[in-house]
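Welcome! Let's take a friendly look at a protein model, one spot at a time.

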Amino acid sequence: MVQRLTLRRRLSYSTSSNRKVITKTPGGKLRYHYVKKQRTIPKCGDCKRKLFGIAAGRPHEWAQMSQTHKHVTRAYGGSVCAKCVRERVVRAFLIEEQQIVKKVLKAQAKAARLKQPRLAAKAAAAAAASKKSASKTQEKRPLKKK
């Protein structure tokens, strides 16, 4: 005949916090053992992969853990994985570079716009000067008699 088991706690409902496993004691009796909830490993905020170097734990255990168990010594250590941090740094660098290139191109375009009227004025002045010199040389030439 099967041995009857009595609950060791008052809660009789089958909830996630009241999971029980039947185990056999060294004396040969069956007993309920209450199983704790599984610890969760912290995950990366960006890619949702597990974070390496950080201890898993329930919230109460997490509150009692020292800071060295809860983070790694890196920017965003403990909340974002190394791969995502690298991506953020590279993205920020490229955005900064892009802004610098935009500034340089804008400055070059502005310089070209400022130079263009000067060049046009110089070209017009040179053309006018050449016309004047051409007309003066024509006036100085002696006319041929026929």
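## A lysine in a loop

Let's begin with Lys29, which sits in the loop between β1 (20–24) and β2 (30–34). Keep in mind that the model you see is predicted. Is Lys29 buried or exposed? Its relative accessible area is 55%, and exposed means over 50%, so Lys29 counts as exposed.

Which residues does Lys29 touch, if we leave aside its neighbours within four places in sequence? They are Gln3, Thr23 and Lys24. Gln3 is 26 residues away from Lys29 in sequence, yet their C-alpha atoms are 8.0 Å apart in space.

## Two salt bridges

Side chains of opposite charge can pair when their charged atoms come close. This structure holds 2 salt bridges. One of them joins the side chains of Arg39 and Glu61, with 3.2 Å from N to O. Arg39 belongs to the loop between β2 and α1 (59–64), while Glu61 is in helix α1, so the pair ties together parts that are 22 residues apart in sequence. Glu61 is partly exposed, at 26% relative accessible area.

Asp46 and Arg88 also form a salt bridge, and their closest N and O atoms are 3.1 Å apart. This pair links distant parts of the chain, 42 residues apart: Asp46 is in the loop between β2 and α1, and Arg88 is in helix α3. Both are partly exposed, Asp46 with a relative accessible area of 40% and Arg88 with 28%.

## A nonpolar patch

Val90, Phe93 and Leu94 make a nonpolar patch of about 300 Å². Of these residues, Phe93 can be found in helix α3 (residues 82–140).

Notes
Residues are numbered from 1 along each chain as its sequence is written. This is a predicted model: local features need pLDDT of at least 70, side-chain atom pairs count only at pLDDT 80 or more; totals for chains, interfaces and linings use all residues. Side-chain values use heavy atoms; hydrogens and water are left out. Patches are made of residues with over 30% relative accessible area and no salt bridge: like charges are joined within 9 Å, nonpolar side chains (Val, Leu, Ile, Met, Phe, Trp, Tyr) within 5 Å. Accessible areas come from the Shrake-Rupley method with a 1.4 Å probe; for residues, only the protein chains shown count as cover. A salt bridge is a side-chain nitrogen of Lys or Arg within 4 Å of a carboxyl oxygen of Asp or Glu. Helices (H or I, at least four residues) and strands (E, at least two) are DSSP runs, numbered from the N terminus. Buried means under 20% relative accessible area, exposed over 50%, partly exposed in between (1.4 Å probe, protein chains only). Contact means heavy atoms within 4.5 Å.
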